[in-house]
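User: I would like to go through this model by question and answer, with the cut-offs behind each term stated.

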Amino acid sequence: MNRPLSSAERSAERRQKWLQEEATKARESRGEAGQMEFWLRLARSRMAKDIKAGRGDVYSGFALICRLFITALDQRVEGNGRIWNDLLQYAEQVVAKHTPRN
């Protein structure tokens with residue numbers, strides 16, 4: 001027997017549904033670039049909230065992730081797709097296991 005969801009659980013469920021719907025809408029209207037822009041806007045918003053909460057290491061973390069992404073792109077252009085493939089595989093695993101916070 002399932003218990004009814006609490007208010008916080010219902011809110012979290014609605015938030016997850018909204019995120020997926022918005023990402024889908026962005027992709028349908030503007031393609032892959034639209035979906036990427038949606039997630040970048042969301043990341044920027046979350047980063048601003050983290051900065052206000054005193055977690056300034058978000059800047060260095062985001063910069064490091066950007067450097068990793070650029071390195072993977074550069075290596076792929078040079079013919080070494082291993083870093084790119086590993087990065088995508090790891091990202092898919094993490095995203096499948098952990099949804100964005102509410």
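This is a predicted model: local features need pLDDT of at least 70, side-chain atom pairs count only at pLDDT 80 or more; totals for chains, interfaces and linings use all residues.

User: How are helix H2 and H3 oriented to each other?
Analyst: Two packed helices are described by the angle between their axes and the distance between the axes. The axes of helix H2 (residues 57–77) and H3 come within 7 Å and cross at roughly 135°, where axes are lines fitted to C-alpha atoms, for helices over the stretch in contact, and angles run from 0 to 180 degrees between N-to-C directions. Helices here are DSSP runs (H or I, at least four residues), numbered from the N terminus. Because angles under 35 degrees count as roughly parallel, over 145 as roughly antiparallel, 65 to 115 as roughly perpendicular and the rest as oblique, H2 and H3 are oblique to each other.

User: Which residues does leucine 87 touch, not counting residues up to four places away in sequence?
Analyst: Leucine 87 lies in helix H3, which spans residues 82–97, and belongs to the H3 side of the meeting between H2 and H3, together with Ile83 and Trp84. Its C-alpha is 7.6 Å from that of alanine 72, although the two are 15 residues apart in sequence. With contact taken as heavy atoms within 4.5 Å, leucine 87 touches Leu68, Phe69 and Ala72.

User: How far is the charged end of arginine 76 from the centre of the ring of tryptophan 84?
Analyst: Arg76 in H2 and Trp84 in H3 are among the residues that meet between these helices. A charge sits over a ring if NZ of Lys or CZ of Arg is within 6 Å of the ring centre and within 35 degrees of the ring normal. The charged end of arginine 76 sits over the ring of tryptophan 84, and its distance from the centre is 4.2 Å.

User: What is the geometry of the pair formed by the rings of phenylalanine 38 and tryptophan 39?
Analyst: Rings of Phe, Tyr and Trp (its six-membered ring) pair if their centres lie within 6.5 Å, with planes under 30 degrees apart counted as stacked, over 60 as edge-to-face and the rest as tilted. The count comes to three aromatic pairs. For phenylalanine 38 and tryptophan 39 the centres are 5.0 Å apart and the planes are at 70°, so the pair is edge-to-face.

User: Is leucine 19 buried or exposed?
Analyst: Leucine 19 is found in helix H1 (residues 7–52) and, leaving aside neighbours within four places in sequence, is in contact with Phe38, Leu42, Arg46 and Pro100. Buried means under 20% relative accessible area, exposed over 50%, and partly exposed in between (1.4 Å probe, protein chains only). At 0% relative accessibility, leucine 19 counts as buried.

User: Which residue forms a salt bridge with arginine 55, and is that residue buried or exposed?
Analyst: A salt bridge is a side-chain nitrogen of Lys or Arg within 4 Å of a carboxyl oxygen of Asp or Glu, and the whole structure holds five salt bridges. Arginine 55 is partly exposed at a relative accessible area of 40%. Its partner, at 3.0 Å from N to O, has a relative accessible area of 14% and is therefore buried: aspartate 50.

How values were computed: Residues are numbered from 1 along each chain as its sequence is written. Side-chain values use heavy atoms; hydrogens and water are left out. Helices (H or I, at least four residues) and strands (E, at least two) are DSSP runs, numbered from the N terminus.
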